[in-house]
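Morning, everyone. I have one chain to walk through today, and I'll keep it quick. Please have a look at it first.

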Amino acid sequence: VLQISKDDVTALQCKVVCLIQNGNFKEALSVINTHTKVLTSDVIAFEKAYCEYRLNRIENALKTIQSASQQTDKLKELYGQVLYRLERYDDCLAAYRDLIRNSQDEYEEERKTNLSAVVAAQSTWEKVMPEDLGLREATYELCYNSACALIGQGKLNEAMKKLQKAEELCRQSLSEDSDVTEEDIEGELAIIHGQMAYIMQLQGRTEDALQLYNQIIKLKPTDVGLLAVIANNIITINKDQNVFDSKKKVKLTNAEGVEHKLSKKQLQAIEFNKALLAMYTNQADQCRKLSASLQSQSPEHLLPVLIQAAQLCREKQHAKAVALLQDFADQHPANAAEIKLTMAQLKIAQGSVTKACMILRSIEELQHKPGMVSALVTMYSHEEDIDSAIEVFTQAIQWYQQFQASQTRGANPKSPVHLSLIREAANFKLKHGRKKEAVSDLEELWKQNPKDVHTLAQLISAYSLVDPEKAKVLSKHLPSSDTMSLKVDVDALENSHGATYVRKKAGKLTGDNQQKEQGQGDVKKKKKKKKGKLPKNYDPKVTPDPERWLPMRERSYYRGRKKGKKKDQVGKGTQGSTTAGSSELDASRTASSPPTSPRPGSVAAVSATSNVIPPRHQKPAGAPATKKKQQQKKKKGAKGGW
């Protein structure tokens, strides 16, 4: 037809639709652009916008839709999809509501699913409290989107139950189709399981999450967006550990088409993790390159500059890191608080505690907070700068006083935080010898609540150090001991777990025992002495040595050790070896002793007066040398090894 009439509108429309059905979106768009005179926007606006949408030219698709003279239902459907991809969720929500309200066909369920997806995206990325749309969660897609919205609100347990319901509905709906295999079902469930693993990770169950993530990766799903998110989450679990696995997972985040499947915040998080991984793997240049690119894309974002500072610290360039953070704080005052906290941490790491305190005190929106006051006082105390610590207390107390006055129109009630700061300041001053200043703080506390006995007791204690007479006067305000009802069970207190003294429970006394207690010191039983044991070789006929209880050196007949030549006569070497002086001890050389071998285990008798140690008690002098020779022989014969 086109050969006969190349500008036939119907034929050109049919050709464009056929090309779209075959997935040839570029060729279809080329046909539309070459016949603009014939195929005007009124005729083929939907087909052109759809081709641009499928080619990820989202901005062009939006312009094409808005330029159409008539907004058909098809264009409205596509308009909603385009707005969702552009992350204009408020406009997208309004578009889908209008569609659901003004259309009745078989696609109503799909529109409701898309509407729930928009609400889930608002809850997740914009932290908007989702409104109840009143949708009946009859499909697994609606259940899944509802679970995503609950995750955005932080309701993780409820979200997990929704996902389990979505999994059940998915299995039921897909198992009804006989052509669907178990692998197809698992592939469809992959996104639900991925969200379950994400909840586990948020709950701190990292081992379970990691196991489920790896199971999904083994299935090799075709959704590159899902794989990229799972790989990124595994990298966050690994952190600076298992870096080799993280480097492999990064490849999944670089797959073709990932940028069109994920939201801007998801892509940004992946890029941040890439920069951190480069830092952990000591790829300094790559880390700087990635963080600089992120900073150019999001100049006001904190993470890129923090990553750059962390990399400089790893290179021991702390001064450059502090200067970089200071420049960012000057350029972006809205984010200065978090940056200055990081700067203070770096100063503390360098040992410059006083400079860290100066940085912290420059954060106006935090300097009166109890946590900041506590940190500054602790740091100044460490530096023994008590005056500065007291000044921090004073400024914080004055700030709360002015704030309360502005809120109550000149009245002067004290908030709990204000009162606790005054009390802590008084305790600190007492501890560091500032007694008069502490007394004035405690007096102010007591004026606020005259019935507070604890504050009164503290005030009396402080006055006792400064003005004892005033302490006596104030002590009259203390309640008398009669009015104080202290219901204390003494027995229970003594028998408690933390008691240092425990009273022994008295047993029941019989009549005999009572008589014994009455006459306690009258009769005492004598203990029987045990007979001492005699040695085995004890001979009653022989008189024992009277000096046997004395050490050998202190006995009258002790002559000391014999020194000199006889020392050399002691046998040395291995058991049974002979030396030059041992011939005198050789019994085989005497005529009366035949040369017979001793029985195994027998030992020759040695006279009691001899100083020679039997061979089994000798120190083998030649043993080490013998062992070395044996080792050498073994080494020569053991060439093969194990």
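pLDDT is the predictor's confidence in each residue, on a scale from 0 to 100. We need that term here, as this is a predicted model. The chain averages a pLDDT of 79, and 80% of its residues reach 70 or more.

Where does pLDDT stay under 50? Over residues 579-642. The model has 21 contacts beyond four places in sequence for that stretch. Where pLDDT is low, the predicted coordinates should not be read in detail.

Now the overall picture. The secondary structure comes to 29 helices and 0 strands. The chain has 642 residues, and 32% of them count as buried. Take the contacts with a separation of 6 or more: 48% of them are between residues 24 or more positions apart.

On to charges. Side chains of opposite charge can pair when their charged atoms come close. How many salt bridges does a search of the whole structure find? It finds 15.

Start with Arg111 and Asp105. Their closest N and O atoms are 2.7 Å apart. Arg111 counts as buried because its relative accessibility is 5%. Asp105, at 34%, counts as partly exposed.

Next, Lys162 and Glu137, again a salt bridge, with the closest N and O atoms 2.7 Å apart. This pair links distant parts of the chain, 25 residues apart. Lys162 sits in helix α9, while Glu137 is in the loop between α7 and α8. Lys162 is partly exposed at 23% relative accessible area, and Glu137 is partly exposed at 22%.

Glu271 and Lys274 form a salt bridge at 3.3 Å, N to O. Both lie in α15, 3 residues apart, about one turn of the helix. Glu271 is partly exposed at 27%, whereas Lys274 is buried at 15%. There is also a network: shared partners join Glu167, Arg171, Glu182 and Glu186.

Now a lysine without a partner. Lys347 lies in helix α19, residues 336-350. Lys347 is buried yet has no salt bridge. Which side chain of opposite charge is nearest? Asp327, and it is 13 Å away. Beyond four places in sequence, the contacts of Lys347 include Val322, Lys355 and Ile359.

Last, the surface. Val488, Val490 and Leu493 make a nonpolar patch of about 280 Å². Val490 belongs to helix α27, residues 490-494. Val490 is partly exposed, at 47% relative accessible area.

That's my tour. Over to you.

Methods: Residues are numbered from 1 along each chain as its sequence is written. Side-chain values use heavy atoms; hydrogens and water are left out. Helices (H or I, at least four residues) and strands (E, at least two) are DSSP runs, numbered from the N terminus. Buried means under 20% relative accessible area, exposed over 50%, partly exposed in between (1.4 Å probe, protein chains only). Contact means heavy atoms within 4.5 Å. Lys and Arg count as positive and Asp and Glu as negative; His and the chain ends are not counted. A salt bridge is a side-chain nitrogen of Lys or Arg within 4 Å of a carboxyl oxygen of Asp or Glu. Patches are made of residues with over 30% relative accessible area and no salt bridge: like charges are joined within 9 Å, nonpolar side chains (Val, Leu, Ile, Met, Phe, Trp, Tyr) within 5 Å. Accessible areas come from the Shrake-Rupley method with a 1.4 Å probe; for residues, only the protein chains shown count as cover.
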